[in-house]
Amino acid sequence: MGLSVCVKKRLKGFSLDVSWEIGDELAVLFGFSGSGKSLTLQLIAGLMKPDSGAIKANGSTYFDSERHINMSPQKRSLGYVFQDLALFPHMTVRQNILFGAKGVAQHEKTERYRELMEAFHVSSIENRRPSEISGGQKQRVAFARALMRRPDVLLLDEPFSALDAPLRIEMREFLKELRSNFQVPVVLVTHDAVEAASLADSIIVYSEGAVVQGGAVTKVFGNPADERVRRLLAGQENIFQSICKQL
Amino acid sequence: MDNSVLFSLRLSLQVACVATVLIVVIGMPIAYLLARKNFPGKEALDIVLTLPLVLPPTVTGYYLIIAFGRNGFIGRYFYEWLDWSIMFTWYAAVIASFVVALPLMIKTGRAALESVDSNLVNAAYTLGHSEWETALRVTLPLARRGLLAGIVLSFTRALGEFGATLMLAGNIPGKTDTMPLAIYSLSASGDKEQAAGMVALLTIVAALFLYLANRYSRRIF
């Protein structure tokens, strides 16, 4: 079980060359904007095609350039929470979540929907449109929709970046709670060091399209591998020290 | 209103309705392809299909004769196999209206479909929905106002088509004289009263449909 990614992708003025592997844990892709974190998620999801390499999740091969395998995004079992959440504005909360139930048997669909509505506290807004609910509620709906199919992997692309600080803290707690119920590999993209430190089991530090350091949170934050990682963490040392002490 | 006026009115509606159905069936998929796909010759296709919007209608009509006339590269086969030519029939009026009104559907439709957030489309794909399902349940519903505006504009344009129709279908009383053609005949023969009635009717209908198109193109979300 787990997720392994080893891909190369060349774009105009940017090239990505990364290789990493995680188990059923929450891994944070950490780095400045434009370091290739979101691109990696798009490659994992099949929304873009790597130039070469392989992507495997829970025993199934999503992509393998040598064996000419390139599974369509529809067939890859993953839940993707987009940065802007990508809720369908013309559907109600209920319709949005049920849109995520493609391929789920009818009786199971109803049951799973009830479970998620309860777990995510969104029952009271099921007939509202995304434009009529709050930022935190939108987040919960996006998570519920991504989880309807019980995905093998959960991809989170800076899902909390649009929220104000108190709500962000609340959503982090929510994500921690969520993880105790759904034990799948979770990849969280963020450039927020506090978020990375408080949520991650392991951390993968990106810089200019390459992985510069990876491993347990305490290890990476306590002992940056080189000058680049140190620079990424610059000014945040106090936060890490206090977090590391708590851990 | 005498019978010939009623005939023109009925024929105009018939031609515009059939042309609009064709525009929806053929134009909407083309607008979708232009908005969401990359293929060689894409912009060339857009330009060729948009040309009738800016060309003199007589030029469009001329091309249509080259295509659908008895010796035309399409019309030739009809004439050989069926001993029949589409020219000077009401079908020819439909073809003329279709070709001249199609650009309005394609332009408006393409813009509406392109404005749909591609993240929403990606989200639908990662949730397991095929491109076809995603088009039906996400892309088209979100672009529906622009698409409706395109349909209404096309219908209005088809209703008012004159030049290309005259070239391909002729102006045969009781057979191919749609309202714009009948107005031309009536005012040429000095029947100002009948002409004025039809002019007023066409103006009101066109204004009404433009109002509808404007309402549709306003976005809700």
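In chain A, five strands make up an open sheet whose order is β2-β1-β4-β5-β6, and the pairing is antiparallel; strands here (E, at least two residues), like helices (H or I, at least four residues), are DSSP runs numbered from the N terminus, and two strands pair if DSSP finds at least two bridges between them. This is a predicted model, in which local features need pLDDT of at least 70 and side-chain atom pairs count only at pLDDT 80 or more, while totals for chains, interfaces and linings use all residues. Residues are numbered from 1 along each chain as its sequence is written, and chains are lettered from A and ligands numbered from 1 in the order in which they are written.

**The sheet of chain A**
- The edges of the sheet are formed by β2 (14-22) and β6 (69-70) of chain A, each of which pairs on one side only.
- Strand β1 (residues 3-11) and strand β4 (residues 52-57) of chain A are joined in the antiparallel sense over six bridges, and A:Val5 stands opposite A:Ile55 in β4(A).
- Helix α1 (residues 37-45) of chain A packs on the sheet and touches β1, β2 and β4 of chain A, where contact means that C-beta atoms, placed from the backbone, lie within 7 Å.
- The direction of helix α1 of chain A makes about 115° with that of β1(A); axes are lines fitted to C-alpha atoms, for helices over the stretch in contact, and angles run from 0 to 180 degrees between N-to-C directions.

**The domains of chain A**
- Chain A is divided into domain 1 (3-77 + 153-246) and domain 2 (89-150), with bounds that come from an automatic or database domain assignment.
- The C-alpha centres of domain 1 and domain 2 of chain A lie 25 Å apart, and 10 residues of domain 1 are in contact with seven residues of domain 2.
- On the side of domain 1 of chain A that touches domain 2, helix α5 (residues 165-181) gives the most, with four residues.

- Chain B has 11 helices and zero strands, and its C-alpha atoms fill a box of roughly 65 × 45 × 25 Å, taken along the principal axes.
- Of the 221 residues in chain B, 40% are buried, that is, have 20 or more other C-beta atoms within 10 Å of their own, with C-beta atoms placed from the backbone.
- Between the chains, 18 residues of chain A are in contact with 14 residues of chain B.

Key: Contact = placed C-beta atoms within 7 Å. Buried ≥ 20, exposed ≤ 12 C-beta atoms within 10 Å, placed from the backbone.
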